[in-house]
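The following exercises ask the reader to work through a structure step by step. Each task is followed by a worked solution.

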Amino acid sequence: MFALTNTDLQGALPLIARGKVRDLYEIDAKTLLFVASDRISAYDVIMENTKGVPDKGILLTLCTRKWFQILTEAIPSLRTHFLTLDLPRQIPESLRPVLQNRCMQVRKLKIFPIEAIVRGYITGSAWNEYRQRGTVHGIPVPSGLQESEAFPDGPIYTPSTKAEQGEHDENIHPDQAVAIVGEPYASIIASLAVQLYKTAHAYALERGVIIADTKFEFGLDEETNEVVLADEVLTPDSSRFWPKDQYAIGRGQDSFDKQYLRDWLTREGLKGKQGVQMTEEVALKTSEKYKEAWEKLTGGN
């Protein structure tokens with residue numbers, strides 16, 4: 001199975017940045033090309049495999065496009081950075097078969113330097129903090145919650161810092177997000193992130209998937225002063241997807257995401273370590289999980 005871990009556009013477009021998964025190229029002064037590779041990271045560390053996770057970048061791109069469609073239909077006022085999956089004319093013909101369906105043309109924005117995380121269920125780092133201090137991102141939450149339980153008052157907005165590659169994101173209180181991005185942007189981001197989560201959660205639940213939590217990124221359109229949904233959305237890379245028919249309060253859940261990789265790293269004592277190579281089994285199993293999520297949520301279309 002083919003996996004693309006590094007992109008080279010042969011000088012067709014200037015490279016702006018390489019992220020953990022995406023490579024960003026500039027098309028023109030107002031437009032970027034997001035190329036989703038098959039690289040994968042966990043605990044803020046990129047795995048070293050040259051093989052990557054087969055088809056991951058394509059699934060992330062198609063999943064994001066589908067969610068943009070769902071969300072903009074449900075929330076007509078929503079603006080996103082997405083333009084098209086069409087490849088720009090500058091891309092050489094020889095590269096088009098490899099790049100098709102793993103690239104998005106998007107509007108260039110001023111990206112807000114926070115991750116807009118929304119949690120519907122208490123799990124992961126939120127569960128760890130709650131057991132120690134009875135809070136989530138410093139926010140007091142009701143006592144007596146069990147692992148994987150839905151927050152009784154509904155989903156909560158729990159932002160984090162947006163770290164440079166190789167650094168770790170830091171969970172922060174919403175008040176700290178206000179200090180970072182300022183008002184009215186902080187309030188708009190918080191409100192919109194929760195609205196997006198609720199919309200997506202309801203859609204996924206009807207298809208047998210629980211979205212336990214997810215992260216959004218937003219940018220500012222400096223011409224209109226509007227907050228715009230950016231980056232990928234509601235993919236297995238940025239979300240926790242649980243099978244509804246296996247959900248049970250009081251324990252960790254199976255996941256349609258990279259939790260399989262995270263669990264392997266933890267079990268092998270490799271969590272957060274640099275230079276780790278996945279086994280072929282872990283890479284293929286992770287690919288299967290991503291495909292399963294895609295098929296359940298979209299019917300494969």
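A salt bridge is a side-chain nitrogen of Lys or Arg within 4 Å of a carboxyl oxygen of Asp or Glu. This definition is needed for the exercises below, which concern a predicted model.

**Exercise 1. The two domains**

State the bounds of domain 1 and domain 2, and describe the interface between them.

Solution. 
1. The domain assignment places residues 15-109 in domain 1 and residues 111-298 in domain 2.
2. Between the C-alpha centres of the two domains the distance is 19 Å.
3. On the side of domain 1, 41 residues make contact, and they meet 51 residues of domain 2.
4. The size of an interface is often given as the accessible area lost when the parts come together. For domain 1 and domain 2 this buried area is about 4200 Å², and carbon and sulfur atoms give 67% of it.
5. The polar side of the interface comprises 13 residue pairs in polar contact, with both residues at pLDDT 80 or more.

**Exercise 2. Salt bridges**

How many salt bridges does the structure hold, and how many are counted between domain 1 and domain 2?

Solution. 
1. Side chains of opposite charge can pair when their charged atoms come close.
2. The whole structure holds 17 salt bridges.
3. Between domain 1 and domain 2, six salt bridges are counted.

**Exercise 3. The partners of Asp23**

Determine which side chains meet Asp23 in salt bridges, and decide whether Asp23 is buried or exposed.

Solution. 
1. Arg18 forms a salt bridge with Asp23 at 2.6 Å, N to O.
2. Arg39 also forms a salt bridge with Asp23, here at 2.8 Å, N to O.
3. Asp23 has a relative accessibility of 0%, so this residue counts as buried.
4. Arg18, by contrast, counts as partly exposed because its relative accessibility is 36%.

**Exercise 4. Aromatic rings**

Classify the pair of Trp242 and Tyr247, and describe the surroundings of its members.

Solution. 
1. A search of the whole structure gives eight aromatic pairs.
2. In the pair of Trp242 and Tyr247, the ring centres are 5.9 Å apart and the planes stand at 15°; the pair is therefore stacked, since planes under 30 degrees apart count as stacked.
3. Trp242 is buried, with 1% relative accessibility, whereas Tyr247 is partly exposed at 25%.
4. Together with Tyr121, Trp242 and Tyr247 form one aromatic cluster.
5. Another ring, that of Tyr203, has Arg207 over its face, at 3.6 Å from the ring centre.

Notes
Residues numbered from 1 in each chain as written. Predicted model: local features only at pLDDT ≥ 70, side-chain atom pairs only at ≥ 80, totals over all residues. Heavy atoms only, no water. Phe/Tyr/Trp six-rings, centres within 6.5 Å; stacked < 30°, edge-to-face > 60°. Buried < 20%, exposed > 50% of the residue type's maximum accessible area, 1.4 Å probe, protein only. Lys NZ or Arg CZ within 6 Å of the ring centre and 35° of its normal. Domains from an automatic or database assignment. Contact = heavy atoms within 4.5 Å. Buried area = accessible area lost by both parts, 1.4 Å probe. Polar contact = N/O pair within 3.5 Å; in protein donor to acceptor, adjacent residues only side chain to side chain.
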